[in-house]
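Trainee: I'm new to this one. Could you pick a single part and take me through it closely?

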Amino acid sequence: MEYEVTLEDVLPRQLAAVRGGASRADLSRTILKLLDKVWPVLRAQHAKTGHNVVMYFGEFVDAGDVRHSRTPAGSAVTTAHWGEYSEMAGAYAALERWCVANGRRQTGTSWEVYGDWADDPKERRTDIYAALIVGGVSTTDSLRFKLGR
């Protein structure tokens with residue numbers, strides 16, 4: 001599969017986030033389990049939401065494990081993956097190849113924005129972002145500094 005990779009200056013996106021960890025084999029189940037914590041909170045508060053999984057634009061009140069969060073701002077490399085979620089490794093490899101070819105380095109922070117669900121995997125879009133180091137400082141390091149962490 002061919003991936004078109006672009007460089008963007010991205011703005012932070014407001015998220016309703018739950019932290020969790022999983023092995024690659026358990027990733028799909030873990031994502032669904034974590035979403036089952038987020039969606040009831042957003043529904044109960046009648047929060048305005050964006051696309052599935054990670055992108056929420058409305059205000060809401062932190063509740064339990066569900067907290068406000070944001071993606072990093074700054075330079076990021078991005079591509080769109082169409083298909084099964086389990087086959088996204090090619091998209092990540094395309095981002096890495098682009099970085100090598102263009103003399104750029106990733107910070108190690110990446111995020112996925114899942115489009116609307118489709119029964120046909122060929123119609124499932126996931127936008128994948130990887131934050132880039134700019135001038136020797138990563139966007140995630142800058143964010144940590146601003147937050148005093």
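This is a predicted model: local features need pLDDT of at least 70, side-chain atom pairs count only at pLDDT 80 or more; totals for chains, interfaces and linings use all residues.

Mentor: Let's take helix α2, where Ala91, Ala94, Leu95, Trp98 and Cys99 are buried (under 20% relative accessible area with a 1.4 Å probe and protein chains only; exposed is over 50%, partly exposed in between). Seen down the axis of α2, those buried residues fall within an arc of 135°, so they line one face of the helix; the arc is taken from the directions from the helix axis to the C-beta atoms.

Residues are numbered from 1 along each chain as its sequence is written, and side-chain values use heavy atoms, leaving out hydrogens and water.

So what covers the buried residues of α2? The cover includes β1 (5–10), β4 (74–82), β5 (106–114) and β6 (125–134), with contact meaning heavy atoms within 4.5 Å. Helices (H or I, at least four residues) and strands (E, at least two) are DSSP runs, numbered from the N terminus.

Look at β6: 8 of its 10 residues are buried, so the rest of the structure largely encloses β6. β6 pairs antiparallel with β4 over 7 bridges (pairing takes at least two DSSP bridges), and there Val77 has Ala130 as its bridge partner. Another 6 bridges join β6 to β5, also antiparallel.
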